[in-house]
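Me: I've got a model to go through with you. Can we take it piece by piece?

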Amino acid sequence: MIPAAFDYTAPESVADAITALGSDSEEIKVLAGGQSLIPVLRLRLAAPTLLVDIGRIRELGGITDEGNTLVIGAMTTHAEMADSELVKEHASLLAKAVETVADPQVRHRGTLGGALVHADPAGDLLAPILALDAELVVAGADGERTVAAADFFEDMFTTTVGENEILTRIRIPKHTGWGSHYEKFTRVAQQWSIIAVGVTLKVDGGVISQAKVGLTNMSSTPIRASAVEQALVGQAPTADTASRAAAVAAEGTNPPTDTNGDANYRRHLAKVLTGRAVQAAVSG
Amino acid sequence: MTGLKVELLTDMGAYLGLVTPGIPILGAFMFNAIYKFPAYRFVCTNVFTNKNWTDAYRGAGRPEATFAIERLMDELAAEVGVDPMEIRERNWIKHDEFPFSTVAGLEYDSGNYEAATAKAKELFGYDALRAEQKQRREAGDTVQLGIGISTFTEMCGLAPSRVLGALSYGAGGWEHASIRMLPSGKVEVITGSSAHGQGHETAWSQIVADRLGVSFDDIEVLHGDTQISPRGLDTYGSRSLTVGGMAVIAAADKVIEKAKPIAAHLLEANSDDLEFSAGKFNVKGTNSSVGLTDLALAVFAAHNLPDGAEPSLDAEATFDPDNFSFPHGTHLCAVEVDTETGEAKIRNYTCVDDIGKVVNPLIVEGQVHGGLVQGIAQALFEEAVYDDSGTLVTGSFVDYLVPSAADLPNFTTDRTESPSTTNVLGVKGVGEAGTIASTPAVVNAVVDAVRHLGINDIEMPCSPHRIWTALQTASSGADTPRTKTMVDDDVNPSHNAQVSGTDAGDGSAAAQGSNGQGGLA
């Protein structure tokens with residue numbers, strides 16, 4: 001339970017961090033809160049030679065309102081998001097999902113950027129970020145590039161962020177006035193999602209005008225339940241609509257099998273949880 | 001009920017631990033539980049496998065036996081169409097039948113299953129919950145209610161040494177204590193029953209304060225270092241109070257016995273005229289008295305002792321019990337099963353334990369709560385899962401699910417009091433009661449919630465996936481497996497690397513009626 005020896009640096013700017021990532025140390029890992037990386041190091045599942053701790057880079061913090069967009073610094077903690085009026089008002093799905101992550105200790109150390117780049121398919125923040133059509137800003141030696149959330153997650157624990165890059169901020173189009181719900185299924189309170197369903201939708205004039213649905217742990221990456229979204233849009237927000245949308249929740253999914261359940265059970269859960277999440281999102 | 005036949009196949013793991021093959025043997029005496037079976041046969045086959053080795057786990061043998069019999073009582077009730085509580089009431093040992101010699105050869109000293117059950121049913125709201133269950137079934141609610149019962153007993157306070165010897169245990173079951181009366185008036189109590197969180201420091205201080213009439217705050221309990229407490233057999237099998245506590249009492253009584261002639265000498269009275277109470281020797285019918293702590297200083301100074309008296313009030317004692325201790329209780333659990341997801345959630349858990357007299361209610365409460373959580377966790381969450389090659393796949397707490405307070409309801413706990421007749425305090429063990437009783441209460445509740453849908457068994461832990469799968473199988477009309485037979489006839493021990501033979505089947509366990517403890521072997 002003691003990590004292998006490693007060098008450690010804590011740069012204070014994104015530029016210095018990128019320089020550190022470009023050093024000739026054999027294996028470099030970015031420490032962005034450490035709620036996943038530290039256990040991995042302690043179990044020696046990874047043995048990097050250099051840790052670049054980006055926790056002291058002030059420009060990576062903060063939640064700001066930029067007109068139609070909410071901008072969240074990559075090193076913003078779960079607790080900061082959960083407490084943020086901006087997040088609650090303009091990205092309520094993210095606010096609700098973040099409350100379900102682990103425990104207060106983890107939420108005060110873990111960060112949005114760390115969770116996204118770690119890309120655990122059972123992580124709770126990936127599907128909401130995907131559903132909210134966020135853009136992710138990645139900085140490297142050649143400057144910044146912006147990646148749509150839909151293109152960000154490549155596979156289990158794999159994203160588009162390159163070896164010499166860091167995720168700096170997450171830009172979320174405001175979803176002001178949208179209802180939302182994150183329905184998470186676990187066997188004990190402190191457990192990774194067996195699966196979870198994030199729904200955010202807008203009701204205009206008695207009709208669901210827009211709907212976005214993200215699924216957690218239903219594939220090797222978070223995925224959008226497009227069929228559910230299509231089944232919701234243009235319909236009255238009724239129980240009947242919810243159940244018809246829920247029926248197609250497992251389309252296009254490829255869930256894992258593990259000790260908590262097989263793929264078939266997860267597909268079934270996706271339907272049940274989607275129905276519940278839609279109903280809850282309609283009422284809040 | 002006319003008889004009980006148990007065929008037990010036990011996975012020892014790859015190696016034997018301290019008491020590994022003894023665990024099912026402890027269970028052998030408990031399958032008959034609180035019920036009056038005229039006949040009983042127990043056959044056990046222990047097999048080595050390439051899985052992790054096993055050893056005693058809180059309750060050791062008794063949880064397994066209790067789970068089997070309490071699950072069976074529910075299945076029997078369903079089979080004959082009566083309420084599962086009624087089938088228990090019809091068959092249990094009545095209060096006026098104690099002491100009772102069981103078919104397995106034990107003598108239960110005291111108990112009152114009627115009283116514990118009546119109290120538990122009232123606290124739980126048994127009849128109202130049955131009514132709600134009926135209404136939910138009729139309405140076809142997606143969330144169904146199940147009620148689980150476990151009217152458990154156990155044998156604990158391990159153990160009479162001669163019984164352990166008859167069972168080929170390596171050690172005896174006595175316990176040791178000594179008391180040092182310091183000249184300062186303080187009292188040191190040394191116990192071999194070493195606590196690791198059970199609160200012996202508090203309970204032993206209470207006992208000695210009562211016995212010797214000294215202040216609770218002046219007592220220090222020492223243990224855990226063989227330089228201080230070289231003799232002892234330790235804390236296990238819910239034995240500390242019923243065995244170690246009795247050794248403490250015996251040592252305290254020896255202190256009083258030792259002090260008496262010295263007190264008589266100092267008071268210039270005859271020993272026979274002295275009475276000891278509230279920490280003082282008093283000459284009967286006079287105001288002449290001397291306190292025990294004053295005596296301790298006088299003895300240490302040794303200026304004025306009777307001829308031949310040694311200058312010490314210290315005493316030590318070893319206690320070996322004559323019988324086990326037989327706590328019992330009625331545990332009732334209400335579970336809500338979400339038939340859409342298969343999730344089982346405990347709504348209420350009520351238990352009324354009868355552990356005889358109680359020394360420290362708060363410590364007892366803690367033991368019960370911790371035990372309940374451990375037993376409930378086994379029913380719903382914890383599982384060592386191995387893959388086909390025998391590799392443990394639940395090797396960390398990410399996969400091996402341990403519940404926290406967030407996953408459990410508030411427990412309703414209460415007690416009835418049927419004092420033990422085999423020790424001077426009238427106490428029984430409580431350390432394992434919760435783990436022994438709770439597992440079948442929870443699984444019975446889960447099965448009860450879905451029984452009307454055609455399900456009569458769900459393997460532990462009753463995970464949402466397992467419950468949902470059972471529901472799917474039942475609704476598809478396929479035959480659900482009956483409660484599994486405990487021994488698969490196809491298992492040929494010669495296929496395994498080695499077989500540890502612990503067949504008690506032809507011994508007393510199969511005896512015709514009771515033959516007392518002498519027949520345990």
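Me: How many salt bridges does the rule find across the interface of chain B and chain A?

Reply: Two salt bridges. The rule wants a side-chain nitrogen of Lys or Arg within 4 Å of a carboxyl oxygen of Asp or Glu. In one salt bridge, B:Glu340 meets A:Arg276, N to O at 2.7 Å.

Me: What should I know about the ground rules?

Reply: This is a predicted model, where local features need pLDDT of at least 70, side-chain atom pairs count only at pLDDT 80 or more, and totals for chains, interfaces and linings use all residues. Residues are numbered from 1 along each chain as its sequence is written, chains are lettered from A and ligands numbered from 1 in the order in which they are written, and side-chain values use heavy atoms, with hydrogens and water left out.

Me: Back to the interface. How many residues of chain B are in contact with chain A?

Reply: 20 residues of chain B are in contact with 18 residues of chain A. Contact means heavy atoms within 4.5 Å. Chain B and chain A bury about 1,600 Å² between them, with 61% of that on carbon and sulfur atoms. Buried area is the accessible area (1.4 Å probe) that two parts lose on being put together, summed over both.

Me: Which residues in chain B lose the most area to chain A?

Reply: B:Leu401, B:His465 and B:Trp468, together 34% of what that side buries.

Me: And polar contacts?

Reply: Nine residue pairs are in polar contact across the interface of chain B and chain A, both at pLDDT 80 or more. A polar contact is a pair of N or O atoms within 3.5 Å; within protein, one must be able to donate a hydrogen and the other to accept it, and residues adjacent in sequence count only if both atoms are side-chain atoms. Helix H12 (residues 464–475) of chain B gives the most to the side of chain B that touches chain A, with three residues. Helices (H or I, at least four residues) and strands (E, at least two) are DSSP runs, numbered from the N terminus.

Me: New topic. What domains does the assignment give chain B?

Reply: Domain 1 covers 4–158 + 323–519 and domain 2 covers 174–319. The bounds come from an automatic or database domain assignment. The C-alpha centres of domain 1 of chain B and domain 2 of chain B lie 41 Å apart. Even so, 19 residues of domain 1 of chain B are in contact with 15 residues of domain 2 of chain B. About 1,300 Å² is buried between domain 1 of chain B and domain 2 of chain B, carbon and sulfur atoms giving 65%.

Me: What about B:Arg239, is it buried or exposed?

Reply: Buried, with a relative accessible area of 1%. Buried means under 20% relative accessible area, exposed over 50%, partly exposed in between (1.4 Å probe, protein chains only). B:Arg239 lies in the loop between strand E8 (219–222) and helix H8 (240–267) of chain B.

Me: Which backbone oxygens does its side chain reach?

Reply: The side chain of B:Arg239 reaches the backbone oxygen of B:Leu158 at 2.4 Å. The backbone oxygen of B:Asp234 lies 2.8 Å from a polar atom of that side chain.

Me: What about B:Lys119 and B:Asp414?

Reply: B:Lys119 forms a salt bridge with B:Asp414, closest N and O atoms 3.5 Å apart. The pair links distant parts of the chain, 295 residues apart: B:Lys119 is in helix H4 (residues 113–124) of chain B, and B:Asp414 in strand E15 (residues 411–416) of chain B. B:Lys119 is partly exposed at 31% relative accessible area.
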